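Keep the viewer open while you read.

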Amino acid sequence: MALRLVLMAVAVMVMSLPGAVRADAAVYSSRAGVAIGGYDAVAFFEHGAAEPGRRSHAVMWKGVVWRFASARNQALFEANPRAFAPAFGGYCAYAVSQGQLHDGNPQIWAIVDGDLYLLNNRRVHHLWRADTVQLIADGRAHWPAVLRK
């Protein structure tokens with residue numbers, strides 16, 4: 001009986017926490033359950049390129065499958081996925097800065113201060129380069145609330 005009361009009290013406390021405190025991490029954009037269109041998140045950092053991942057090197061993290069070009073890249077991701085996962089859940093960083101959600105394109109990307117940002121098309125990539133610092137700040141102001149729109 002005492003254990004039941006303790007568990008109920010803990011459940012009530014957790015449910016009464018603000019959403020931002022309870023939330024673990026942002027939702028990641030995926031196509032057919034695969035993050036970044038199947039591209040290797042580590043390769044952007046390690047090789048400076050968008051490299052397709054392989055089905056044989058895959059891991060499930062945050063509800064989506066992440067693929068990697070090599071076992072080494074998979075191991076690096078598994079050791080610290082937050083270091084490699086794209087900012088703003090892999091959605092287009094420019095769109096998030098405008099309070100919208102659009103898919104990020106793994107062929108159009110940037111790494112800024114150690115964070116990977118995916119963009120949607122060449123036009124927004126040009127806009128992104130012109131005002132990166134402000135657009136990141138604007139994106140942070142909208143994230144993760146933009147997911148609920």
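## Salt bridges

Glu46 is partly exposed, at 38% relative accessible area (buried means under 20%, exposed over 50%, and partly exposed in between, with a 1.4 Å probe and protein chains only). Its side chain meets that of Arg72 in a salt bridge, 3.5 Å from N to O (a side-chain nitrogen of Lys or Arg within 4 Å of a carboxyl oxygen of Asp or Glu). Glu46 sits in helix α3 (residues 41–46) and Arg72 in helix α4 (residues 71–79), so the pair ties together parts 26 residues apart in sequence. Helices (H or I, at least four residues) and strands (E, at least two) are DSSP runs, numbered from the N terminus.

The structure holds three salt bridges. Asp103 pairs with Arg31, with the closest N and O atoms 3.9 Å apart; Asp103 is in the loop between α6 and β5, Arg31 in strand β1, 72 residues away. Asp103 is partly exposed at 37%, and Arg31 is too, at 43%. Then there's Arg140 with Asp115, at 4.0 Å from N to O, linking helix α8 to strand β6 across 25 residues. Here Arg140 counts as exposed at 52%, while Asp115 is partly exposed at 30%.

## About the model

This is a predicted model: local features need pLDDT of at least 70 and side-chain atom pairs count only at pLDDT 80 or more, while totals for chains, interfaces and linings use all residues. Residues are numbered from 1 along each chain as its sequence is written, and side-chain values use heavy atoms, leaving out hydrogens and water.

## The cores

In soluble globular proteins, nonpolar side chains tend to be buried together. The largest nonpolar core here has 19 residues, of which Phe88, Tyr117, Leu119 and Trp128 touch the most other members (a core is a set of buried Ala, Val, Leu, Ile, Met, Phe, Trp, Tyr and Cys residues joined through side-chain atoms within 4.5 Å). Two or more residues come from each of α6 (93–97), β5 (105–112), β6 (115–119), α7 (122–130) and α8 (132–142), and α6 gives the most, with four.

Not counting residues up to four places away in sequence, Phe88 touches Ala93, Val96, Tyr117, Ile136, Gly139, Arg140 and Trp143 (contact means heavy atoms within 4.5 Å). Apart from this core lies another, of 17 residues, among them Val64, Phe68, Phe77 and Ala85.

The buried residues of α7 are Val124, His125 and Trp128. Looking down the axis of α7, they fall within an arc of 105 degrees, so they line one face of the helix (the arc is that of the directions from the helix axis to the C-beta atoms). They pack against α6, β5, β6 and α8. On the other side, Arg122, Arg123, His126, Arg129 and Ala130 are exposed.

Ser97, in helix α6, is buried at 4% relative accessibility. Its side chain reaches the backbone oxygen of Tyr94 at 2.5 Å. Leaving out residues up to four places away in sequence, Ser97 touches Leu135, Asp138, Gly139 and His142.

His57, in strand β3 (residues 54–61), is buried as well, with a relative accessible area of 17%. Ser29 is in the loop between α2 (19–22) and β1 (30–31) and counts as buried at 12%.

Definitions and conventions. A polar contact is a pair of N or O atoms within 3.5 Å; within protein, one must be able to donate a hydrogen and the other to accept it, and residues adjacent in sequence count only if both atoms are side-chain atoms.
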